[in-house]
Amino acid sequence: MTIRFELNGAPQALEVDGGLRALDVLREELGLTGTKEGCGVGECGACTIVVDGLAVNACLMPAAQLDGTAVLTVEGLETLPLGRALQRAFAKQGAVQCGFCTPGMLLSAYALLLRERNPSEEAIRTALAGNLCRCTGYAQIVAAVQAAARDQR
Ligand code: FES
Ligand code: FES
């Protein structure tokens with residue numbers, strides 16, 4: 001089947017096998033390897049992308065459902081003011097963890113700040129609850145999201 005969608009601001013049209021996941025299309029067909037596969041079953045958040053403004057697990061999304069959507073991956077963050085604000089804040093606050101969990105954390109934070117300009121700490125922790133990392137206490141990550149939110153106001 002042919003799917004057409006917007007990816008990081010650019011139109012895409014490609015033939016995909018109906019059985020593929022959005023994660024496969026991004027990584028294998030389009031070479032955007034910033035979106036990671038951790039658990040593959042919707043539990044770790046490493047594959048988080050933003051679809052029509054909402055954080056989504058790309059490992060659970062059939063590729064066919066990309067059709068007609070606007071998708072943001074970690075590669076597109078630097079083209080957007082809010083994306084750049086998050087990148088800066090994560091770097092400044094020491095919130096960058098490993099390359100597996102950080103892309104998903106950034107995108108979950110992005111989706112949160114799209115809908116809430118001034119989220120509470122609880123809202124930030126809730127938004128990041130699906131992004132697992134056993135290596136952090138999340139304090140710097142929460143601080144980075146708060147800093148990015150301040151930057152946007
Ligand atoms: S790889 Fe998708 S949630 Fe873990
Ligand atoms: S999973 Fe990335 S630093 Fe812990």
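Where is the place of Ala 46? Ala 46 sits in the loop between α1 (22-29) and β3 (48-51). Helices here are DSSP runs of H or I with at least four residues, strands are runs of E with at least two, and both are numbered from the N terminus. Before going on, note that this is a predicted model: local features need pLDDT of at least 70, side-chain atom pairs count only at pLDDT 80 or more, and totals for chains, interfaces and linings use all residues. Residues are numbered from 1 along each chain as its sequence is written, while chains are lettered from A and ligands numbered from 1 in the order in which they are written.

Is Ala 46 buried or exposed? Ala 46 is buried, because 26 other C-beta atoms lie within 10 Å. The cut-offs are these: 20 or more other C-beta atoms within 10 Å of a residue's own makes it buried, 12 or fewer makes it exposed, and anything in between is partly exposed, with C-beta atoms placed from the backbone. Leaving aside neighbours within four places in sequence, Ala 46 is in contact with Lys 36, Glu 37, Gly 38, Phe 100, Cys 101 and Gly 104. Contact means that the C-beta atoms of two residues, placed from the backbone, lie within 7 Å. Gly 104 is 58 residues away from Ala 46 along the chain, yet their C-alpha atoms are separated by 5.0 Å.

Now for the sheet. Its 5 strands form an open sheet in the order β2-β1-β5-β3-β4, with mixed pairing. The edges are β2 and β4, each pairing on one side only. From one strand to the next, the twist averages 40°; for angles like this, axes are lines fitted to C-alpha atoms (for helices over the stretch in contact), and values run from 0 to 180 degrees between N-to-C directions. Strands of a sheet pair through backbone hydrogen bonds, either parallel or antiparallel. Two strands count as paired if DSSP finds at least two bridges between them.

β1 (residues 2-7) and β2 (residues 10-15) pair in the antiparallel sense over 6 bridges. Thr 2 has Glu 15 as its bridge partner, and Leu 7 has Ala 10. The two strands make a hairpin with 2 residues between them, and Asn 8 in that turn has a positive phi of about 50°. Of the 6 residues of β2, the number buried is 0, so this strand lies largely in the open. On to β5 (residues 70-72): β1 pairs with β5 in the parallel sense over 2 bridges, and Glu 6 stands opposite Ala 70. β3 and β5 are antiparallel, again over 2 bridges, with Val 51 opposite Val 71.

Which strands does α3 lie across? α3 lies across β3, β4 and β5, running at about 30° to β3. The largest nonpolar core has 45 residues, and among those with the most contacts inside it are Ala 58, Leu 86, Leu 106 and Leu 107. Such a core is a set of buried Ala, Val, Leu, Ile, Met, Phe, Trp, Tyr and Cys residues joined through C-beta atoms within 7 Å. Its largest share, 7 residues, comes from helix α3 (residues 102-115). The core draws at least three residues from each of domain 1 (2-74) and domain 2 (76-152); these bounds come from an automatic or database domain assignment.

How do the two domains meet? Their centres, taken over C-alpha atoms, are separated by 20 Å. In domain 1, 19 residues are in contact with 16 residues of domain 2. On that side of domain 1, β3 supplies the largest share, 3 residues.

Most residues other than glycine have a negative phi. Asp 52, in the loop between β3 and β4, has a positive phi of about 50° although it is not a glycine. Asp 52 is partly exposed, with 13 other C-beta atoms within 10 Å. Tyr 138 has a positive phi of about 75° and lies in the loop between α4 (121-127) and α5 (139-152). With 17 C-beta neighbours inside 10 Å, Tyr 138 counts as partly exposed.
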